[in-house]
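Biologist: Hi! I'm new to this one, could you walk me through it?
Modeller: Happy to, here it is.
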Amino acid sequence: MSDRLESYKCPSCSAPLRYDPSGKLVCDSCSNEYDPEVIEMMDSYDRQEAEFDWGNYKESLTENGEKIEDSVVYVCRSCGATVETDATTAATRCPYCENEIVITDRLEGGLKPGGVIPFKIDKNRAIASVMDHFKGKKLLPGNFKDLHTLDKIKGVYVPFWLFNAGMDGTMVMDATKVRMWSDSRYDYTETRHFLLSVSGSMDFEGIPVDASTKMDNDVMDALEPFDYSEMVPFDPVYLSGFLADRFDEDPDVSIPRANERMVNSAESVIRSEASDFTTVTVRKSLMNLTHPTVKYVLLPVYVLNVNYKEKNYRFAVNGQTGKVVGELPISKLKSWLYFGGWTVGLGAIASLLAYFFFR
Amino acid sequence: MKKIVCFLFAAALLFALSITALADTPLLSSDKSDNENGMPYWYPLNTRGFEDFHGENLPYVVDDADILTDEEEARLSEKIASIAEEYGVGYVAFTDDDLHGLSPEYYSSDFLHFNGYGVGDGYGAVVFFLCLDPSDRCWRTTAINSYEDIFTEDIMYEIDETVDYSIRSKGDFFEAFMLHAEYVENLFREISATENWTPEDHEYKYERDEYEGRSVGAPSPVKFVGAGLIVGLIGGLIRLLSLRKKMKIVPPSTANNYLLRDSYVVRNRRCDYLFTTVTRHERPKETSSSSGGSHGSSFSSGHSSGGSFSSGGRSF
């Protein structure tokens, strides 16, 4: 410890600390005294870095390399999407760009997924969900709902990576407890500062990240949650009447998104251990990954593309729950009308109230 | 030896006479720097046993904060002089930018007492004090002795309403002084015209002033509309943003849905005390921000003159 003594800084005022014969570390600037063990622990935490090593997770993913058999593979000439279905389903339009797609016999079936959640709602229910989604959206252009494109909605099995991992983390926090009192002349505030460290572990299972570059990541994330209890082993029979997209985004690309969500959750859970303090500031968050695995699955999504004023608006419907996600166009006229109406209405009420109460 | 004793006796007599003279004559003629006790130039060096007296040739305007032009000072002085002469009122306009540690009520009350502004047998007087001390910018109407019965809380409120707009909204101190003088003039005209006048006889209204033809003290309707418009703009913007938010996609930022709740284990929780800081802040002074202001009836401070006063005003 003595080698590093000169570099230790006072947690209160950042002045250098001095070793005192009493066995304490003393700050000559603010006169605070510290237990050397605590200061050394703070220093050690400050020098540590988090590790996110997903190791050889791919071995668990492609150990047999099995392909989907007896499927018909379509390729979109416009956007390059490769989708497949069974021999009984005729597909003529790309679910992503609505352009013509063609059958190719040169491509073999895609990687067989580790599981699939079959479609639970039918096309009519999906259309009804989309119509419900439009309700109450006061800034939606009036003629947007009248567009007769809802019947173009298509059921697509979207490829997802499901990430499973444990989080083993330590959070070091600067915490305070505040006490206040007053006498006849002054208000006093006493702030006691603590160094709080909490270590814990937890497991995450099935964090989904879509594996298709054709699907918008935010849309797919917002479509959650899926009920994994209804997941079944893949069978080509589930493709009947639906299309299945192939993954074209490597898990390595998707890992940072899964990491970020896991870390946010883990920090939130560990931080809740400091609820008895007045203020808590995270000094260091050290989250390490344990036993990571990845699973490739197909999840059911209805996709609807609406072309409005030369812009494509894509809506996705969770084929299991009916949840609808999609950015909606905003009417400028309605925006101004709402803003103006509220400003004038609220302004008039506020003026009258002010007049009656403060005149 | 005899000469020395005579000289010492004469010096002592001269000193005693000068002290007596100092107590009986207004101190305002002195140099305006603080006295040797660190108090204002008009403050007696010794306040023990002080008794009210009638000062002579007292100025009607004492602008120690130097906020009025010479012309304004002359016009105001002329106005107050006419009131004082017609109704025999002890009335002065006073400004200062240093309270010397006293409250504005005590400071203005002491100003009246120690300079002998009181008139008649009751030694009544009233001052309109505009304080520009950085620690307490305010105005006070302070009445002493017999005038306390005239300048009641309701009257003080009416005065505050009268000058409020000029000071707080326009920053026109001269206008405030003139409005105050007009109010005092009207009040004493009413008193002289009413037999056995009491504050209950006063009609609590104020005539429209001569400056802008507006109702004095009543905030402009434009202010209400302006304030309402600001509230409306903020409300409209919040409503629009909330409507726009419904049109957007909000992806989740956590993986809480995928956390296996039973899997969470706290391996270690350690809490080490580091240090304690204690800060203190002086409690805010209680200032009168609405009608009437603070009313005092007796002094307990060693700095004060020992007389009574009533005072009202607001901060700005």
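Modeller: Let's start with a term: two residues are in contact if their C-beta atoms, placed from the backbone, lie within 7 Å. This is a predicted model, where local features need pLDDT of at least 70, side-chain atom pairs count only at pLDDT 80 or more, and totals for chains, interfaces and linings use all residues. Residues are numbered from 1 along each chain as its sequence is written, with chains lettered from A and ligands numbered from 1 in the order in which they are written.
Biologist: Thanks! What share of contacts in chain B between residues at least 6 apart in sequence join residues at least 24 apart?
Modeller: In chain B that share is 66%.
Biologist: And how many helices and strands does chain B have?
Modeller: Six helices and six strands, taken as DSSP runs numbered from the N terminus (helices: H or I, at least four residues; strands: E, at least two).
Biologist: How do the axes of α4(B) and α5(B) cross?
Modeller: Helix α4 (residues 153-170) of chain B and α5(B) have axes that come within 8 Å and cross at roughly 170°. Axes are lines fitted to C-alpha atoms, for helices over the stretch in contact, with angles from 0 to 180 degrees between N-to-C directions. So α4(B) is roughly antiparallel to α5(B) (over 145 degrees; under 35 is roughly parallel, 65 to 115 roughly perpendicular, the rest oblique).
Biologist: Which residues make that contact?
Modeller: Among them are Ile159(B) and Val163(B) of α4(B), and Leu179(B) and Tyr183(B) of α5(B).
Biologist: What about α2(B) and α5(B)?
Modeller: Their axes come within 10 Å and cross at roughly 10°, so α2(B) and α5(B) are roughly parallel.
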